[in-house]
Amino acid sequence: MLAIGDLAPDFSAIDCHGVPLSLSALKGRRVVLFFFPKSFTLGCTIENRAFRDNHLRLQELGAELVGVSVDTQKTQCEFAAKEDIHFSLLGDPDRVISHAYDVLWPVLRVDRRVTFIIGPDGRIEDIIRHELRVYRHLDDVLRYLETHRLPAALDSAA
């Protein structure tokens, strides 16, 4: 299991907007990387809407937002379109990213609800785990970002 202070595993994927995305390309920026079980399910829809509705606030706090589930890219794109999501959603049907972050439920083979806050240096700054309290992820992310503001030079680079 990854821990605070560990180097976050790099990944590469195409997001739901057709844009290639890798963690290494985001180096120098803070990244909020959240894993959720399945698109179009009630809890995951609520969680994604909360992040969607606060996307601008997260950007103002200097963070890039990326969501991942084991769905296909096509499913993620349909979900993003239906829910008007403009941040990066990644499909991980081969579970490569999920394995790297050790977030898979062993039997169900879907992602646990885990959020990683990754610093500009690529190290994990915080890990948030609330399986059923979906709003807590956003609340905890906002609390962390507000109390751990980046210096203005780094903040404006995001």
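Contact, as the word is used here, means that heavy atoms lie within 4.5 Å of each other. The structure above is a predicted model, in which local features need a pLDDT of at least 70 and side-chain atom pairs count only at pLDDT 80 or more, while totals for chains, interfaces and linings use all residues. Residues are numbered from 1 along each chain as its sequence is written, and side-chain values use heavy atoms, with hydrogens and water left out.

**The nonpolar cores**

With neighbours within four places in sequence left aside, L145 is in contact with R30, V32, L58, L61, A63 and I117. L145 is also one of the residues with the most contacts inside the largest nonpolar core, together with V32, F51, L58, L89 and V141, and this core has 23 residues. A nonpolar core is a set of buried Ala, Val, Leu, Ile, Met, Phe, Trp, Tyr and Cys residues joined through side-chain atoms within 4.5 Å. Buried means under 20% relative accessible area, exposed means over 50%, and partly exposed lies in between (1.4 Å probe, protein chains only).

At least two residues of this core come from each of strand 3 (30-35), helix 1, strand 4 (63-69), helix 3 (73-83) and helix 5 (135-147), and helix 5 gives the largest share, five residues. Helices (H or I, at least four residues) and strands (E, at least two) are DSSP runs, numbered from the N terminus. Apart from this core lies another, of 21 residues, among them L2, L90, V103 and I124. In soluble globular proteins, nonpolar side chains tend to be buried together.

Helix 1 (residues 42-53) has 12 residues and reaches 16 Å from its first C-alpha to its last, close to the expected 16 Å, a span defined as 1.5 Å times one less than the number of residues. C44, T45, E47, N48, A50 and F51 are buried in helix 1.

Most residues other than glycine have a negative phi.

R95 lies in the loop between strand 5 (88-91) and helix 4 (96-100), whereas D102 lies in the loop between helix 4 and strand 6 (114-118).

**Buried charged residues**

R95 is buried yet has no salt bridge, and the nearest side chain of opposite charge, D94, is 6.5 Å away. A salt bridge is a side-chain nitrogen of Lys or Arg within 4 Å of a carboxyl oxygen of Asp or Glu; Lys and Arg count as positive and Asp and Glu as negative, while His and the chain ends are not counted. The side chain of R95 does reach the backbone oxygen of P93, at 2.6 Å.

D111, in the loop between helix 4 and strand 6, is likewise buried without a salt bridge, and its nearest side chain of opposite charge, R95, is 6.6 Å away. The side chains of D111 and S98 are joined by a polar contact of 2.6 Å.

Notes
A polar contact is a pair of N or O atoms within 3.5 Å; within protein, one must be able to donate a hydrogen and the other to accept it, and residues adjacent in sequence count only if both atoms are side-chain atoms.
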